[in-house]
Amino acid sequence: MNLPEYKDLRMRVTESGRHEVLDILRHRFVNLTPEEWVRQHFIHFLITDKGYPQGLLANEVELKVGEKKLRCDSVLFDRERRPKAIIEYKAESVALTQKVIKQVTTYNMLLNVEYIMISNGLMHLCLHYEKDGNKWVFLKDIPEYQEVRGER
């Protein structure tokens with residue numbers, strides 16, 4: 001994986017043999033799928049290495065479009081609890097294609113965020129919406145929290 005190793009990830013095996021990892025945002029153990037492995041590492045990366053406040057991040061954020069329910073893998077909120085970034089995770093075996101980007105931009109039609117981040121653990125994409133140019137621009141790296149917050 002192309003993320004730092006975090007030794008504080010807590011894992012366990014249930015009596016039925018299921019592997020679980022502690023989701024520090026949901027405060028409970030969840031099934032350890034390949035996508036969840038990426039999510040937990042990426043969340044730790046944002047908090048530990050990029051300075052994102054844990055209290056402003058949420059996992060499995062439900063959206064409703066009429067009767068249809070969608071879920072954002074993670075959302076970063078600002079201090080007024082307005083969505084600031086959508087974060088999407090894929091297993092390492094899943095390529096980050098235009099189809100994945102389209103999936104996340106669909107969520108954004110409801111949330112209107114400035115940033116979209118996508119990771120499969122090996123590759124990380126970050127797009128920033130430039131209002132003056134009315135377009136999405138790929139960034140070279142995942143930005144520090146101060147930059148996302150607007151403190152360049």
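The following legends describe close-up views of a predicted model.

Residues are numbered from 1 along each chain as its sequence is written. In this predicted model, local features require pLDDT of at least 70 and side-chain atom pairs count only at pLDDT 80 or more, while totals for chains, interfaces and linings use all residues; side-chain values use heavy atoms, with hydrogens and water left out.

View 1. His 41 belongs to helix α1, residues 34–49 (helices are DSSP runs of H or I of at least four residues, strands are runs of E of at least two, and both are numbered from the N terminus). His 41 counts as buried because its relative accessibility is 4% (buried means under 20% relative accessible area, exposed over 50% and partly exposed in between, with a 1.4 Å probe and protein chains only). A polar atom of the His 41 side chain lies 3.0 Å from the backbone oxygen of Trp 37. Apart from neighbours within four places in sequence, His 41 is in contact with Met 1, Leu 3, Pro 4, Tyr 6 and Leu 9 (contact means heavy atoms within 4.5 Å).

View 2. The strands follow the order β1-β2-β3 with antiparallel pairing (two strands pair if DSSP finds at least two bridges between them). Strands β1 (11–13) and β3 (28–31) stand at the edges, each with a single partner strand, so one side of each is left without a neighbour in the sheet. From one strand to the next, the twist averages 35 degrees. Strand β2 (residues 19–23) pairs with β3 in the antiparallel sense over four bridges, and Asp 23 stands opposite Arg 28 in β3. Helix α1 packs on the sheet and touches β1, β2 and β3, its direction making about 30 degrees with that of β2 (axes are lines fitted to C-alpha atoms, for helices over the stretch in contact, and angles run from 0 to 180 degrees between N-to-C directions).

View 3. Val 100, Ile 101, Val 104, Tyr 107, Asn 108 and Leu 111 are buried in α2. These residues cover an arc of only 120 degrees around the axis, which puts them on the same side of α2 (the arc is that of the directions from the helix axis to the C-beta atoms). The cover over the buried residues of α2 includes β4 (57–65), β5 (68–77) and β6 (83–89). Exposed Gln 98, Lys 99, Lys 102 and Met 109 lie on the face of α2 turned away from its buried side. Just after α2, Asn 112 takes a positive phi of about 55 degrees.

Note on methods
Polar contact = N/O pair within 3.5 Å; in protein donor to acceptor, adjacent residues only side chain to side chain.
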